[in-house]
Amino acid sequence: MLSNEKDGSRLIFASDALILRIGEACSWLNLVLVVVIIVQVVLRYVFGRGLVVLEEIQWHLYCVGIMIGLSYCLTKDSHIRLDILHDNFSKRNKEWIELFGLLFCLMPLIVITFLHGVDFFWAAVEVNERSDAPSGLCCRWAPKAVIPLSMILLFIAGMARAVKALLYLKHHK
């Protein structure tokens, strides 16, 4: 293996480790989400009174979990595929399909989502967007900031996976 390939492998390992750590840390927000949902259900159906703040916190937590989970799933190779077809392909064909999908489907989607996400985030910051409900949450920009951040993480995960595919294709002709 050439020196730059070792450095590339280290970079892939470091980026995967970073994304996995962030994903695992964010996964604890699911426990918070479950508690918030249970409290909201008890308040609404036992005491006849729900809280708008709890409803909105649920959406914020869903946002973080789903958006950060995208890069985590790609790194863990647990994203959805057409497994019926995928299982019948050789490893080399799978890597070609993976590379094609990453470069021509995922990367353009990431760029478009990132650019619109930044605009979406800045628009919320500029007007100090808050909930329409009087007792709702302020700082609507915070969950909106997760959109471009998650696209950066997804880009890193996608590039690492593309390099893995290229390395496989290079060494298994």
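I started with Cys-139, which counts as partly exposed because its relative accessibility is 28% (buried is under 20% relative accessible area, exposed over 50%, partly exposed in between, with a 1.4 Å probe and protein chains only). I am working with a predicted model, in which local features need pLDDT of at least 70, side-chain atom pairs count only at pLDDT 80 or more, and totals for chains, interfaces and linings use all residues. Residues are numbered from 1 along each chain as its sequence is written, and side-chain values use heavy atoms, with hydrogens and water left out.

I placed Cys-139 in the loop between α5 and α6 (helices are DSSP runs of H or I, at least four residues, numbered from the N terminus). Its phi is positive, near 60°. Asn-128 sits in the loop between α5 and α6 as well, and its phi is near 50°, also positive. I noted these two since most residues other than glycine have a negative phi.

**Cysteines.** How many disulfides does the structure hold? I found 0, taking a disulfide as a pair of cysteine sulfur atoms within 2.5 Å. For Cys-26, the nearest cysteine sulfur belongs to Cys-63 and is 10 Å away. For Cys-105, the nearest is that of Cys-73, 18 Å away.

**Helix α3.** I then checked the span of α3, residues 52–76. Its 25 residues should span 36 Å at 1.5 Å a residue, and the end C-alpha atoms are 35 Å apart, so the two agree (the expected span is 1.5 Å times one less than the number of residues). Along the way, α3 bends by about 35° at Gly-69; the bend is the angle between axes fitted to the seven residues ending there and the seven starting there. After α3 comes Asp-77, with a positive phi near 55°.

**The core.** My last stop was the largest nonpolar core, which has 21 residues (a set of buried Ala, Val, Leu, Ile, Met, Phe, Trp, Tyr and Cys residues joined through side-chain atoms within 4.5 Å). At least two of its residues come from each of α1 (3–27), α3, α5 (91–126) and α6 (141–171). The most come from α6, with 9 residues. Among the residues with the most contacts inside the core are Met-67, Leu-74 and Leu-154.

Which residues does Leu-74 touch, not counting those up to four places away in sequence? I listed His-79, Glu-98, Leu-102, Leu-106, Leu-154, Ala-157 and Gly-158, with contact meaning heavy atoms within 4.5 Å.
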